[in-house]
Amino acid sequence: MSATSVSESRTAPEGGAGRRARVLDLVGLLARLVLGGVLLVAGYLKLVDLDGAVRSVVAYDLFDYEVAKFIGLTLPVLEVAVGVLLILGLLTRAAGFGGTALMVVFVAGIASAWARGLSIDCGCFGTGGPVAPGATRYLEEIVRDIALAAAGAWLLVRPRTPVSVDTLLTRRSRYERND
Amino acid sequence: MPRPPAPKSKAAKASGPPMGLIGAVTAVVVALVAVLVYLAARGDGLDASGGANALPEGGGLVVNPDVENVPEVIVYEDFQCPFCGQLEQTSGETIIEAAEAGDIKLTYIFMSFLDGASGNESSSRAANAAVCSADAGALPEFVLTVFEQQPQEGVGYEDQVFLDAAESVGVEGEQLEEFTSCVEEREYQSYVQDMGERATENGVTATPTITVDGEPVGQEQMQQLLSDPTSFESVLAETQ
């Protein structure tokens with residue numbers, strides 16, 4: 001599928017197909033930057049307060065303490081890594097998959113907290129833990145994460161985006177191969 | 001004459017770093033960093049000593065260690081949390097009286113996750129001072145007095161507040177000197193960290209939290225404790 005759009009964009013410079021490919025390119029770029037930016041910020045905010053990150057996981061009341069601690073300490077590294085890859089546009093398809101997987105897990109966690117009647121903040125941006133019963137924002141958090149999962153899924157299906165390291169690398173190797 | 005072997009071909013290699021290799025290297029680096037962060041941040045066990053009446057493994061400061069067969073009440077507080085201040089002002093005395101009457105076994109576990117709010121690690125320093133006050137035999141009164149002086153969240157305590165509070169609850173002479181150096185040198189800082197981790201390990205992620213025999217007091221009852229100074233007895237009965 002992506003191969004077709006590549007040739008379309010090359011062979012039909014001003015036609016409808018070319019414009020369509022350019023629009024799809026831009027959607028991909030946007031998906032990359034939004035999902036990558038959110039993950040990078042979320043991971044960074046947790047890294048600067050790792051104790052808080054662990055507390056956020058503990059607040060879900062799903063894991064033993066040692067497991068929650070492991071998740072709380074390593075998840076932010078994963079988020080930053082996927083975020084950086086997406087922003088650079090390196091390994092875009094894999095990073096898109098990673099971002100989607102993270103969001104699916106987050107949605108499951110938030111839904112489970114909601115279903116069990118907990119009153120917590122999702123801790124998505126490092127400020128987790130209990131909140132007043134009326135102050136939960138589960139629906140909002142879930143909708144946001146589903147939208148981000150969709151952005152990741154887009155990149156999984158159509159990873160070719162402009163201004164990406166992936167494009168630079170493929171261009172270079174194609175050039176050298178023809179040499 | 002046999003033909004010499006053909007020179008090894010350089011061009012056969014795919015040019016540019018292959019994506020598979022980049023992916024593998026990236027995955028390894030990320031996993032390595034994650035493990036390093038985990039190892040660096042997981043702490044080194046809860047083995048700091050907390051002086052008089054401090055339970056091991058960050059278990060907190062016991063007001064009346066000698067009572068038996070009574071409900072065990074643990075109060076989790078951060079000295080900077082506004083609702084902790086409200087709780088102490090409303091129900092602090094009633095809770096201490098219950099401990100002194102031997103109706104409950106009272107333990108404080110001080111958390112310090114609001115350290116970042118003040119810029120001067122105010123929660124940790126206050127928690128350290130509380131451990132010092134236990135050494136001076138002034139524990140529950142000292143906690144009450146410090147909470148009375150609670151600054152607005154984010155402003156933070158000065159050490160002088162702790163020294164004045166200790167004096168006002170009757171710490172004097174040599175004990176006051178020891179208390180002063182204990183506060184200034186943050187003698188129990190490691191124990192304070194252990195209390196924070198212990199609280200998280202106990203599943204407590206916000207303050208104030210009160211548990212009775214390990215069971216957290218519910219939201220509604222906490223509201224009563226925050227607003228009604230006479231509610232502790234009934235809350236205790238309901239939670240057991």
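Student: Which residues of α6(A) are buried?

Tutor: In this predicted model, the buried residues of α6(A) are A:Glu141, A:Asp145, A:Leu148, A:Ala149, A:Ala151, A:Gly152, A:Trp154 and A:Leu155. Their cover includes α2 (16–47) and α5 (92–115) of chain A.

Student: Why is A:Ala151 called buried?

Tutor: A residue is buried if 20 or more other C-beta atoms lie within 10 Å of its own. A:Ala151 has 25 C-beta neighbours inside 10 Å, and therefore counts as buried. A:Ala151 belongs to helix α6 (residues 138–157) of chain A.

Student: With which residues is A:Ala151 in contact, leaving aside its neighbours within four places in sequence?

Tutor: Those residues are A:Ala31, A:Val34 and A:Leu35.

Student: Why does A:Leu24 count as partly exposed?

Tutor: The cut-offs are 20 or more neighbours for buried and 12 or fewer for exposed, with partly exposed in between. A:Leu24 has 18 C-beta neighbours inside 10 Å, so A:Leu24 counts as partly exposed. A:Leu24 lies in helix α2 of chain A. Its C-alpha atom is separated by 9.9 Å from that of A:Trp154, 130 residues apart along the chain. For A:Ala151 and A:Thr136, 15 residues apart along the chain, the C-alpha separation is 25 Å.

Student: What span is expected of α6(A), and what span does the model give?

Tutor: The expected span is 1.5 Å times one less than the number of residues. For α6(A), with 20 residues, 28 Å is expected, and the helix reaches 28 Å from its first C-alpha to its last. For α2(A), with 32 residues, the span is 46 Å, close to the 46 Å expected.

Student: How many helices and strands does chain A have?

Tutor: Chain A has seven helices and two strands, in the order α-α-α-α-α-β-β-α-α along the sequence. Of its 179 residues, 40% are buried. Among contacts in chain A with a separation of 6 or more, 68% join residues 24 or more positions apart.

Student: What is the mean pLDDT of chain A?

Tutor: The mean is 89, and 88% of the residues of chain A reach 70 or more. Over residues 1–12 of chain A, however, the pLDDT is below 50, and this stretch has 13 contacts in the model beyond near neighbours in sequence.

Student: Which residues touch the most other members of the largest nonpolar core?

Tutor: They are B:Phe110, B:Ala130, B:Val131, B:Val146 and B:Phe162, in a core of 59 residues. Helix α4 (residues 122–135) of chain B gives the largest share of this core, seven residues. Leaving aside its neighbours within four places in sequence, B:Ala130 is in contact with B:Leu61, B:Phe110, B:Phe142 and B:Val143. Another core, of 36 residues, lies apart from the largest one and has A:Tyr60, A:Val77, A:Ile110 and A:Ala149 among its members.

Student: What makes β5(B) and β6(B) paired strands?

Tutor: Pairing requires at least two bridges between two strands. β5(B) and strand β6 (residues 215–216) of chain B have two bridges, in the antiparallel sense. B:Val212 has B:Glu215 as its bridge partner in β6(B). The two strands form a hairpin with two residues between them, and B:Asp213 in the turn has a positive phi of about 50°. Strand β3 (residues 72–77) and strand β5 (residues 209–212) of chain B also pair in the antiparallel sense, over four bridges, and B:Val75 stands opposite B:Ile210 in β5(B).

Student: Which strands stand at the edges of the sheet?

Tutor: The open sheet of six strands in chain B has the order β1-β2-β4-β3-β5-β6, with mixed pairing. β1 (54–55) and β6 of chain B stand at the edges because each has a single partner strand, which leaves one side of each without a neighbour in the sheet.

Technical notes: Residues are numbered from 1 along each chain as its sequence is written. Chains are lettered from A and ligands numbered from 1 in the order in which they are written. This is a predicted model: local features need pLDDT of at least 70, side-chain atom pairs count only at pLDDT 80 or more; totals for chains, interfaces and linings use all residues. Two residues are in contact if their C-beta atoms, placed from the backbone, lie within 7 Å. A nonpolar core is a set of buried Ala, Val, Leu, Ile, Met, Phe, Trp, Tyr and Cys residues joined through C-beta atoms within 7 Å. pLDDT is the predictor's confidence in each residue, from 0 to 100.
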